[in-house]
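These are my notebook entries on one structure, written down in the order in which I looked things up. I begin with a pair of helices and then move on to the sheets and a few single residues.

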Amino acid sequence: TPPAERYEYQAEVSRLMDLIVNSLYSNKEVFLRELISNASDALDKLRFLSVTEPELLKDAADLDIRIQTDKDNGIVTITDTGIGMTRKELIDCLGTIAQSGTAKFLKALKDSKDAGGDNNLIGQFGVGFYSAFLVADRVVVSTKSPKSDKQFVWEGEANASAYTIREETNHENLIPRGTRLTLYLKRDDKGYAHPERIQKLVKNYSQFVSFPIYTWQEKGYTKEVEVDEDPAEAKKDDQGETAEKKKKTKTVVEKYWDWELTNETQPIWLRSPKDVTTEEYNEFYKKTFNEYLDPLASSHFTTEGEVEFRSILYIPAISPSGKDDLVNPKTKNIRLHVKRVFISDDFDGELFPRYLSFVKGVVDSNDLPLNVSREILQESRIVRIMRKRLVRKAFDMILGLSLSENREDYEKFWDNFGKYLKLGCIEDRENHKRIAPLLRFFSSQSEEEMISLDEYVENMKPEQKNIYYIASDSLTSAKNTPFLEKLLEKDLEVLFLVDPIDEVAIQNLKSFKEKNFVDISKEDLDLGDKNEEKEREIKQEFGQTCDWIKKRLGDKVASVQISNRLSSSPCVLVSGKFGWSANMERLMKSQTI
Ligand code: ADP
Ligand code: MG
């Protein structure tokens, strides 16, 4: 037998293990959810690969998860027939933290520690494989990858800084393919080895796993058995003519153990929307995308006709991404299935434009080939149609949110994802009509609460033809700009564009409901109140003053002119009609867009 080799955990893992073992006590039962979700991921991977390599299935045709309990010894065993792990994968996967869920957890934990600490986080995030140590003091992972002809055993203990790996040599322990996790429960947690307890947890936590989960349960059936008659009874009757002996039957319960299917495997998106509750949609979302907050909105739909697919889309409650993600989003937000088989979460870019990359969801198509690749998607007419429908549905969902009674929800949405829609103004001319009603801005008449363009238009003066805006770097400077004076005097509302991307977005829109957007800082602003007689007089009077100022300023300004747009300030710097606005110039200089 080759000896077991010892490996140290990566520092982060040690820290996490220490935390799990010594400070996280609440919500221990989430360990089962985490381990089942790993088994399910492993089965997903195998099923996907087997589409092109069917021989991968030859060692074990069934894709399922089986959980066995030994309550006398406090042992829980979870076995899957998934992709398994090679020796190297064991080291990479179970000795280091590379994946997002756990990394997210550690970050949140750090943030919340800074803010006072909160042990409940584990329930919200899960810490993946290591959550086994919430309830077990020893964990053995025996695993067989179809890529390797050997089976390996990983073994770790709570409170240890190292784990071991050895080759499985005991024939009784060999599995055809996949992974078997054995948890030796801590003294106080042996209750998890009760079959009914496990059954209840599986029902609770695994409603969205699309592989069958079997639990090992004690069963019984009743049967009638013949018993010999009581000799005393028999005697009474025994008066000669007892040729046929009297027989008696009794009902007994036969006990035996067997696998019992414990979850429902119909994917939620295949169910009829009217049979699914909001809670179920939210649970599915949180489980699938590793989120802990409910989504702001969801949309479940089927499209038929030319192309058939089903989908559930969600708007997340918060945006995890900064500006960088907006420019180059590497999201894994859309999970593509073909005929229920999970294909990839890497094709967001093919199914959604980048400015809608914040939308999360699942898509299941019957019309795509199972071995679909990015190249196929890019070429596919079916995908082009799907993309159009998905975009339309996403807009319907956002519009629905914007019309909801609860104004706060849309404010939350706008806070998180407003910048994405503004990017849409720049990148998706075709959908301007859908994007424009969703935009929100502060204005000279609404400095506290943002308004929509529809609200602006409703509030327009009867003779007003344009939508006025001023772009600035802050609300304060927008409010105090001299350009506003004349418009305020006339009670005309002016939009305050204070986000760097606002001005470009508006310039791309050009108009809304046939009203043009007009920058009030531009030279040719015409408020329709010209008094030519008076202007001529003033020009005469101050012509020389202007010449003098221009001489003093030289090349610093293009020209110095008499203006009719001020009411109390003596002068204002304006941009030329065809040049950049002052705000754009500021932006270009700082390269923020
Ligand atoms: P995550 O599932 O978020 O990646 P985990 O800590 O739960 O993080 O698991 C770490 C990794 O260990 C997984 O990504 C996977 O590669 C591997 N793994 C865990 N459980 C199994 C399993 N049952 N079968 C195959 N690989 C597994
Ligand atoms: Mg996991």
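Which residues in helix 13 meet which residues in helix 18? I found that K422, C425 and I426 in helix 13 meet D502, V504, A505, N508 and L509 in helix 18, where two residues are in contact if their C-beta atoms, placed from the backbone, lie within 7 Å. Before going further I noted that this is a predicted model, in which local features need pLDDT of at least 70 and side-chain atom pairs count only at pLDDT 80 or more, while totals for chains, interfaces and linings use all residues. Residues are numbered from 1 along each chain as its sequence is written, and chains are lettered from A and ligands numbered from 1 in the order in which they are written.

**Entry 1**

By class, the contact of helix 13 with helix 18 has five nonpolar, one polar and two charged residues; here Ala, Val, Leu, Ile, Met, Phe, Trp, Tyr, Cys and Pro count as nonpolar, Asp, Glu, Lys and Arg as charged, and the others, Gly among them, as polar. I then looked up the axes of helix 13 and helix 18 (residues 502–509), which come within 8 Å and cross at roughly 40 degrees. Axes are lines fitted to C-alpha atoms, for helices over the stretch in contact, and angles run from 0 to 180 degrees between N-to-C directions. Helix 13 and helix 18 are therefore oblique to each other, since angles under 35 degrees count as roughly parallel, over 145 as roughly antiparallel, 65 to 115 as roughly perpendicular and the rest as oblique. I also noted that the crossing of helix 13 and helix 18 is left-handed, meaning that the near helix is turned anticlockwise from the far one by less than a right angle.

Within helix 13 (residues 407–427) I picked out G418. G418 is buried, because 22 other C-beta atoms lie within 10 Å; the cut-offs are 20 or more for buried, 12 or fewer for exposed, and partly exposed in between, with C-beta atoms placed from the backbone. G418 and R440 are 22 residues apart in sequence, and their C-alpha atoms are 7.9 Å apart in space.

**Entry 1: the whole chain**

I looked up 20 helices and 20 strands in the protein chain, where helices (H or I, at least four residues) and strands (E, at least two) are DSSP runs, numbered from the N terminus. Of its 593 residues, 33% count as buried.

In what order do the nine strands of the open sheet stand? I read the order as 1-6-5-4-7-3-2-8-9, with mixed pairing; two strands pair if DSSP finds at least two bridges between them. Strand 1 (5–8) and strand 9 (248–261) stand at the edges with a single partner strand each, so one side of each has no neighbour in the sheet. Neighbouring strands of this sheet are turned by 25 degrees against each other on average, direction ignored.

Strand 3 (residues 75–80) and strand 7 (residues 178–185) pair in the antiparallel sense over six bridges, and the bridge partner of V76 in strand 7 is L183. Strand 2 and strand 8, however, pair in the parallel sense over three bridges, with I67 opposite T215 in strand 8. Strand 8 is also joined to strand 9 by 14 bridges, and these two run antiparallel; the partner of K223 in strand 9 is V252.

Helix 2 (residues 30–52) lies across strand 2 (65–70), strand 3, strand 7 and strand 8 (213–227), at about 20 degrees to strand 3. Helix 6 (residues 195–205) lies across strand 2, strand 3 and strand 8, at about 130 degrees to strand 8.

**Entry 2: two residues in a loop**

Most residues other than glycine have a negative phi. K513 lies in the loop between strand 19 (511–512) and strand 20 (515–519). E514 lies in the loop between strand 19 and strand 20, and has a positive phi of about 65 degrees although E514 is not a glycine.

Is E514 buried or exposed? E514 is exposed, with 7 other C-beta atoms within 10 Å, whereas K513, with 13 C-beta neighbours inside 10 Å, counts as partly exposed.
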